[in-house]
Amino acid sequence: MALSVPKAPGMSSMMKDGARMYSGLEEAVYRNIGACKEFATTVRSAYGPNGMNKMVINHIEKQFVTSDAGTIIRELDVEHPAARLMVMSSQMQESEVGDGTNFVIIFAGALLEGAEELLRLGITTTEIAEGFEKALDKALEILPKLSCYEIKDYRNVDQVKECLRAAVMSKQYGQEDLISELIAKACVSIIPEKSTFNVDSIRVCKVLGSGLSSSEVLKGMVFKRAVEGDVTSAVNAKIAIFGCPIDIIQTETKGTVLIKSAEELKNFSRGEETLLEQQIKSIADTGAKVVVAGGKVGDMALHFINKYGLMAVRLNSKFDLRRLSTAVNATVLPRLTAPNAEELGYCDKVFIQELGDTCVVSFVNDSTDSKIATIVIRGSTDNFMDDIERCIDDGVNNFKGLTRDGRFLPGAGATEIELAKQLSEYADTLPGLEQYAVRKFATALEVFPKSLAENTGINGTEIVHKMYLAHKDAKGVNEGFDIDAETASTIDVTTKKIFDLYSLKYWALKYAVGAATTILKVDEIIMAKRAGGPKPRQAAGSDAED
């Protein structure tokens, strides 16, 4: 009879073998804080216009070279449970505002760093969390008073371009004027009169070759494809869009046809041809000049399409078909039938052109009621164009934010230092232990001008000191870090038009504090035994242990 070894009493006796458990300050809280600090330090060096790039290789071995924190955290499969909370907060920021993911992670990391010092002094996690929440409430109360600019007319391209400059500059320093102009033109050209602006209405088409200066904005859609038939352009064209292939219709059930003579065989094949010709003729008779198919265009169908002078375009993606139907105001038909007047779309120009060695089909609507705009990016490498696309995505999200709330705060660390200054004064008025947490909250805000300076190669402590001196005067509330200067110096950011979106800062502060307080309140980590699955893949050149 086998000897039964009793399990140790406590929580571990209830769990399966292989389960792990960490509890208490040393094992759980400090361990979590340490992981989050490491994670925040990783993305901190990517903050600002002079932030360093990270080379990320994801789980399917695709390589990314970028300084965009949103992409870095999306492609890294973060496994630590506390660090994952920070990732989730930054993803919430991404879905709410579309920008500022780096801000959330860096600030949450700085708050936890301050909390660790307070914990070692003997202050409890509950008091620290309450202090952080008090500081957040005060910061959100101060924030609207710091607004330095408000955009009234978001249909004005020049005003929009000025406001988007700082958001673009943080990703593509030196190219901000060109890219912000492209984004402003694209967004303003398709903004609806009544309904809200949709981010998905701005498409990006990346074409290899030439340089970024050759990029352009088109009202309509651009696809990297060639046409199927002989007709390569159409003007003032009605468009029929089909979600099915354009070919001889295959029967749904298998059948046997008995043919007894050559005449019957000729009539059988001619019947199929006649039916297909009638279908394409009926489409041409509706006045359609362009036919878009969601599947292959058969040889026989192509012959009749050329015969009736139609232009044929094939799109394999059902999402592209949907977007094109929105752009030209057409209905995607499931079967090859003649569309009625309501189902046909309209486009001013449909044409093919060669950009470098890439053939593209453009559907262009020059009229004012265009629903989709496409930014055609040109560049020397795919990696460079991917980075520009991410930058445009941030710019478009910023535009969406300013259509909801047009207020802007001073950028370049000016808002953070002013908040830190006012919160330090507020901490002096608090009687309890929360005042220490509020002071640490104010110190954590200093991490942003410090990071901007250090990534530029300037002493961070020196610039923070100079900014505090500038903010002592009531007129210096908009003084931020001068990124173009050779030495540590400040500048009035309103003169350089360096603005941050109000809603971006508002939500980023909320999500960062939410993540930090949640992590602080964890005093126990219980990890169940992992479910059995396939063995992890061995690294190249290593032998699997038998």
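**Salt bridges, strands and surface of a predicted model**

Glu 462 and Lys 466 are four residues apart in helix 15 (residues 460-471), and so are separated by about one helical turn. Their side chains meet in a salt bridge (4.0 Å, N to O). A salt bridge is a side-chain nitrogen of Lys or Arg within 4 Å of a carboxyl oxygen of Asp or Glu. Glu 462 is partly exposed, with a relative accessible area of 38%. Lys 466 is also partly exposed, at 34%. Buried means under 20% relative accessible area, exposed over 50%, and partly exposed in between (1.4 Å probe, protein chains only).

The model is predicted: local features need pLDDT of at least 70, side-chain atom pairs count only at pLDDT 80 or more, and totals for chains, interfaces and linings use all residues. Residues are numbered from 1 along each chain as its sequence is written, and side-chain values use heavy atoms, with hydrogens and water left out.

The chain has 17 helices and 18 strands. Helices (H or I, at least four residues) and strands (E, at least two) are DSSP runs, numbered from the N terminus. Of the 546 residues, 47% are buried. The chain exposes about 27400 Å², and carbon and sulfur atoms supply 50% of this area. Accessible areas come from the Shrake-Rupley method with a 1.4 Å probe; for residues, only the protein chains shown count as cover.

The structure holds 15 salt bridges. One of them joins Arg 120 to Glu 116, with the closest N and O atoms 3.0 Å apart. Both residues lie in helix 4 (residues 101-120), four residues apart. Glu 116 is buried, at 12% relative accessible area. Another salt bridge links Asp 428 and Arg 439, with the closest N and O atoms 2.6 Å apart. Asp 428 lies in the loop between helix 12 (414-427) and helix 13 (434-445), and Arg 439 in helix 13, so the pair ties together parts that are eleven residues apart in sequence. Asp 428 is exposed at 56% relative accessibility. Arg 439 is partly exposed at 29%. Lys 206, Asp 386 and Glu 389 are linked in a network of salt bridges.

An open sheet of three strands has the order 4-14-17, with antiparallel pairing. Strand 4 (149-150) and strand 17 (499-501) stand at the edges, each with a single partner strand, so one side of each is left without a neighbour in the sheet. Two strands pair if DSSP finds at least two bridges between them. Strand 4 is joined to strand 14 (residues 407-410) by two bridges. Glu 150 stands opposite Arg 407 in strand 14.

Strand 2 (residues 54-57) alternates its side chains. Strand 2 pairs with strand 3 (residues 63-66) in the antiparallel sense, over four bridges. Met 55 has Val 65 as its bridge partner in strand 3. Five residues lie between the two strands of this hairpin, where Glu 61 takes a positive phi near 65°.

Most residues other than glycine have a negative phi. Asn 236 has a positive phi of about 45° although it is not a glycine. Asn 236 is in strand 7 (residues 233-242) and is partly exposed, at 46% relative accessible area. Asn 329 has a positive phi of about 65°. Asn 329 lies in the loop between helix 10 (318-328) and strand 10 (332-333) and is exposed, at 53%.
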